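Take your time with the structure first, then follow the steps.

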Amino acid sequence: KVRLKKEIVTMGQPGVDPRAVVGTYVDPHDWNDLIADPDTIVIDTRNHYEVGIGKFSGAIDPETDSFRDFPAWFRGERERLLGEGKAPKVAMYCTGGIRCEKSTSFLKSEGVEDVFHLKGGILKYLENVPPEQSQWEGECFVFDSRVSVGHGLAQGSYELCFACRRPLDADDL
């Protein structure tokens with residue numbers, strides 16, 4: 001069976017085109033310097049259950065249930081996040097890169113200038129950045145039978161709930 005979809009990961013913003021405009025790509029080896037900059041805010045574009053098992057130190061969790069909720073969240077938080085003075089740099093990340101492409105394109109369409117995203121997403125970071133240099137905390141949820149991965153993309157400790165489709169740790173089980 002083949003289903004045609006307008007979007008792979010639905011954001012619901014028809015004017016946003018990541019093929020035309022996206023944020024600046026940041027190599028995994030340069031990511032730590034960017035997020036350590038006090039003039040940078042870091043936003044996790046993933047859903048709350050994904051953020052719940054791992055994130056970059058100091059990242060903002062939009063607590064979204066769906067990526068479709070991200071634009072409304074940003075518009076509601078824009079003033080608090082960007083303030084009135086010199087706007088901070090915005091660094092965004094996701095699992096593999098698709099949501100970053102769309103979210104950085106969205107922020108650019110909203111007039112935010114200094115928008116960056118992690119090239120290849122968390123997975124590329126965990127694959128290439130040694131654990132002793134890492135700013136990643138926890139594991140990364142993945143949409144396959146591994147459920148979660150850690151550094152070196154080694155299988156993590158989470159299992160998937162067959163009822164709610166959320167990651168479960170040993171305590172949850």
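**Exercise 1: Threonine 95**

Threonine 95 counts as buried, because its relative accessibility is 8% (buried means under 20% relative accessible area, exposed over 50%, partly exposed in between, with a 1.4 Å probe and protein chains only). Before going on, note that this is a predicted model, in which local features need pLDDT of at least 70 and side-chain atom pairs count only at pLDDT 80 or more, while totals for chains, interfaces and linings use all residues. Residues are numbered from 1 along each chain as its sequence is written, and side-chain values use heavy atoms, with hydrogens and water left out.

Task: find where threonine 95 sits and which residues it touches.

Solution: 
- Step 1. Look in the loop between strand 4 and helix 4 (98-109): threonine 95 is there. Helices (H or I, at least four residues) and strands (E, at least two) are DSSP runs, numbered from the N terminus.
- Step 2. List the contacts (heavy atoms within 4.5 Å). Leaving out residues up to four places away in sequence, threonine 95 touches Arg46, Glu50, Gly120, Gly121, Ile122, Leu123, Cys140 and Phe141.
- Step 3. Compare with leucine 118, which is 23 residues from threonine 95 along the chain; their C-alpha atoms are separated by 9.5 Å.

**Exercise 2: Strand 2**

Task: work out why strand 2 is largely enclosed by the rest of the structure.

Solution: 
- Step 1. Recall that side chains in a regular strand alternate between the two faces of the sheet.
- Step 2. Check each face: Thr40, Val42 and Asp44 lie on one side, Ile41 and Ile43 on the other, and all are buried.
- Step 3. Conclude: five of the five residues of strand 2 (residues 40-44) are buried, so the strand is largely enclosed.

**Exercise 3: Neighbouring strands**

Task: trace how strands 2, 4, 5 and 1 are joined.

Solution: 
- Step 1. Start at strand 2, which runs parallel to strand 4 (residues 89-93) and is joined to it by five bridges; two strands pair if DSSP finds at least two bridges between them. Isoleucine 43 has methionine 92 as its bridge partner.
- Step 2. Move to strand 5, parallel to strand 4 and joined to it by three bridges. Here valine 90 is partnered with valine 115.
- Step 3. Finish at strand 1 (residues 24-26), which has three bridges to strand 5 and runs parallel to it. Tyrosine 25 has histidine 117 as its partner.
- Step 4. Inspect strand 5 (residues 115-118): Val115 and His117 point one way, Phe116 and Leu118 the other, and all are buried.
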